[in-house]
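Hi,

Here is the model we talked about handing over. Have a look at it first, and then read my notes below.

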Amino acid sequence: MKRIRQCSQNIDWNNPESIDNYRPEDEYEYLPEDTEIVDEESVNPTYSSHTGDTKEIHLYPCTDNSLFLTELIHVPDDTLDRLDYIKEQCQEEQSEWHKEYIERIKHDDDLVRMNTFLAKGWGRFSVPVGYPRGDTFDISFDKDLAEKLFDSAENKNLSKHLSVERVLQLSSGLRWY
């Protein structure tokens with residue numbers, strides 16, 4: 001039997017009675033083996049926040065290894081350390097630090113590139129049907145789907161210097177939110 005994620009439950013995680021009704025087995029629908037599942041379907045890569053604003057969903061690597069991140073976007077190895085140092089300086093100097101932070105990094109293309117990648121990853125992409133916002137995809141489970149996800153990202157050119165296989169290896173999985 002094939003198993004697909006259904007996400008049909010509506011659970012209020014702040015309500016103990018609702019949590020008691022949660023059944024993980026109901027998250028999946030079992031289909032006969034000969035059923036074809038169409039991978040090309042996708043949903044609009046946006047969601048509505050608790051404030052009602054529409055936000056974009058972006059694709060990110062799962063890794064937080066600074067050397068892997070720098071290789072993924074082709075910047076010097078010390079870029080993340082320099083970015084963190086500037087951020088810490090700005091936060092110590094003033095409570096409204098963000099404008100000063102942007103001002104300090106805007107003339108260094110590598111810092112801007114890293115900051116943008118940390119904030120937006122590879123950008124919007126085709127979210128697969130049945131995967132909720134904030135999900136993580138283990139690339140060892142289905143490399144073909146992982147490649148499709150990466151290929152659908154609007155800023156995949158940040159990693160154009162690498163093969164898709166190397167991107168997936170460095171990423172240690174894909175996540176989106």
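**What I found**

The protein has seven helices and nine strands, where helices (H or I, at least four residues) and strands (E, at least two) are DSSP runs numbered from the N terminus. Bear in mind that this is a predicted model, so local features need pLDDT of at least 70 and side-chain atom pairs count only at pLDDT 80 or more, while totals for chains, interfaces and linings use all residues. Residues are numbered from 1 along each chain as its sequence is written, and side-chain values use heavy atoms, with hydrogens and water left out.

**Overall numbers**

Of the 177 residues, 29% are buried. Buried here is under 20% relative accessible area, exposed is over 50%, and partly exposed is in between (1.4 Å probe, protein chains only).

**The core**

Which residues touch the most other members of the largest nonpolar core? They are Leu72, Trp122 and Phe125, in a core of 30 residues. By nonpolar core I mean a set of buried Ala, Val, Leu, Ile, Met, Phe, Trp, Tyr and Cys residues joined through side-chain atoms within 4.5 Å. At least two residues of this core come from each of H2, helix H3 (79–93), H4, H5, helix H6 (143–151), helix H7 (164–171) and S9.

Ser159 sits in the loop between H6 and H7 and is buried, at 1% relative accessibility. Setting aside residues up to four places away in sequence, Ser159 touches Leu72, Trp122, Phe150 and Val167.

**Aromatic pairs**

A pair of aromatic rings is described by the distance of the centres and the angle of the planes. The rule I used: rings of Phe, Tyr and Trp (its six-membered ring) pair if their centres lie within 6.5 Å, and planes under 30 degrees apart count as stacked, over 60 as edge-to-face and the rest as tilted. By this rule there are four aromatic pairs. Phe117 and Trp122 are edge-to-face, because their ring centres are 5.3 Å apart and their planes are at 75°. Both partners are buried: Phe117 has 2% relative accessibility and Trp122 has 0%.

Phe125 and Trp176 make a tilted pair, because their centres are 5.5 Å apart with the planes at 55°. This pair links distant parts of the chain, 51 residues apart: Phe125 is in the loop between helix H5 (109–120) and strand S7 (127–128), and Trp176 is in strand S9 (residues 174–176). Phe125 is buried at 2% relative accessibility, and Trp176 is buried at 0%. There is also an aromatic cluster, formed by Phe117, Trp122 and Phe150.

**Helix H5**

H5 has 12 residues and reaches 16 Å from its first C-alpha to its last, close to the 16 Å expected at 1.5 Å a residue; the expected span is 1.5 Å times one less than the number of residues. Its buried residues are Leu111, Met114, Asn115 and Phe117. They line one face of the helix, because they fall within an arc of 160° when seen down the axis of H5, the arc being that of the directions from the helix axis to the C-beta atoms. Strand S6 (59–61), H2, H3 and H4 are among what covers these buried residues.

**A few single residues**

- Ile105 is in helix H4 (residues 98–105) and is buried, with a relative accessible area of 2%. Beyond residues up to four places away in sequence, Ile105 touches Leu83, Ile86, Leu111, Val112 and Asn115.
- Thr70 is in helix H2 (residues 66–73) and counts as buried at 1% relative accessibility. Leaving aside neighbours within four places in sequence, Thr70 is in contact with Val75, Pro76, Asp77 and Met114.
- Asp78 is in the loop between H2 and H3 and is partly exposed, at 38% relative accessibility. The C-alpha atoms of Asp78 and Leu67, 11 residues apart along the chain, are separated by 8.4 Å.

Cheers

Notes: Contact means heavy atoms within 4.5 Å.
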